[in-house]
Amino acid sequence: QGLVHLSFDDVAGSRPLPLNMPAPSGRHLIVKDDDLAVATHGRCFWIMDNITPLRQLQPDNQSGLAKASPSGGTSFCSSSSTTQLFKPQTALRVRWNFNTDTPLPPDEPVGENPPEGTIIDYSLGEDISGPVTLEIKDAKGHLVRRYASTDPAPTPDPKLKIPRYWVKPPQCLSDKPGLHRFFWNLHDTLLPDAEPEYPMTAVLEKTAPQPTAPWIVPGNYSIVLTAGGKRFTQPLSVKMDPRVPATTADLAKQFELSKMLFELRAKLQPFGKNYEALVAEVLRVKKSAGENPINEQLEAFYKKLETLANPADVRSGHPLQLDALNKVKKLIGDLQDVDAAPTPAQLGAATNLQLDVKGVMEQW
């Protein structure tokens, strides 16, 4: 039946809560903040991350709690007759993985870290129909991120350059009756239509694409669930990794500059795609033109396209890409790689990039 049991009526209605935990000999249980830790006989321990939903469950939502998640983590997927948005635990802006080496082999036994970002738990009653939305808003009520059950399901990347078993399966906001768990990675709204790039810090079946939007600033937010024409709201507190010395003012400056560059990238992204497509088309036509006199015109046109690329790529013969776009992406990455205020050099680079991008768009 499992080591851990749960009761809402002083043990009279006790029920097992095994999830994906085996039935070992348990020597100690402790609730630390919002997590339950179980010490077993031997050299292992188990942690159930985020028990805040158990503290808030209403009587109608107490069935089916022992169902395990398909991914092996803690998950709540039961039948329910009550629609409820649970108050989330305090979220920590933490960088979980600093491994810069090649990833551990898939068959290497390792522990599983808590999910990144914040966990949002909600239940939907049997009477709920129609689309469901989940919105995260800042302290001023401005929309930060929005999810909907009607969002199109992501399709597998046909150009994926890594084995598919490294990639984290996409999550969809469920509109089905029952208890559900959703994850938000504490980043602003992502750039649409950007090709996914995966980090070296890979974890088997848990590797998400690099976020294209900046980290949000620690502070007070709200979560709004809309289901069946009703709105449910809960506060969300986001705090910084306690090991990081950066102040909230430092992180606000980082966000402001990153957001400006993000908007600059959003402007350039369509130009970059059109540029690469045009480069490929000119090369194709040049190849098929042979000795045709039009080749001189094509060559002259290609020289103009080269002025928008990185000179190093032009010299080396690498595929041409819009240099200004790559510089914007690089600067955003540099800013987001550390938890600190922008340096004077980064501020200067951002100013120069704004001027460069204006010139590139005019030239295009």
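## Exercises on a predicted model

In the hairpin of strand 9 and strand 10, 5 residues lie between the strands, and G141 has a positive phi near 85°. Helices (H or I, at least four residues) and strands (E, at least two) are DSSP runs, numbered from the N terminus.

The model is predicted: local features need pLDDT of at least 70, side-chain atom pairs count only at pLDDT 80 or more, and totals for chains, interfaces and linings use all residues. Residues are numbered from 1 along each chain as its sequence is written, and side-chain values use heavy atoms, with hydrogens and water left out.

**Exercise 1.** In which sense do strand 9 and strand 10 pair?

- Step 1. Recall the rule: two strands pair if DSSP finds at least two bridges between them.
- Step 2. Strand 9 (residues 132-137) and strand 10 (residues 143-148) are antiparallel, over 5 bridges.
- Step 3. Find L134; opposite stands Y147 in strand 10.

**Exercise 2.** Check the span of helix 2 (residues 248-289) against its 42 residues.

- Step 1. The expected span is 1.5 Å times one less than the number of residues.
- Step 2. Look along the helix: a kink of about 35° lies at L268, shortly before P270. This bend is the angle between axes fitted to the seven residues ending there and the seven starting there.
- Step 3. After helix 2 comes G290, with a positive phi near 60°.

**Exercise 3.** Which helices do the buried residues of helix 5 pack against?

- Step 1. Buried means under 20% relative accessible area, exposed over 50%, partly exposed in between (1.4 Å probe, protein chains only).
- Step 2. Buried residues in helix 5 include L325, V328, L331 and L335.
- Step 3. They pack against helix 2 and helix 6 (344-363). Contact means heavy atoms within 4.5 Å.

**Exercise 4.** Compare two salt bridges, R95 with D339 and D334 with K330.

- Step 1. A salt bridge is a side-chain nitrogen of Lys or Arg within 4 Å of a carboxyl oxygen of Asp or Glu.
- Step 2. For R95 and D339, the closest N and O atoms are 3.0 Å apart. The two residues are 244 residues apart, in distant parts of the chain.
- Step 3. R95 is buried at 16% relative accessibility, and D339 is buried at 17%.
- Step 4. For D334 and K330, the closest N and O atoms are 2.9 Å apart. They sit 4 residues apart in helix 5, so about one helical turn separates them.
- Step 5. D334 is partly exposed at 32%, and K330 is exposed at 52%.
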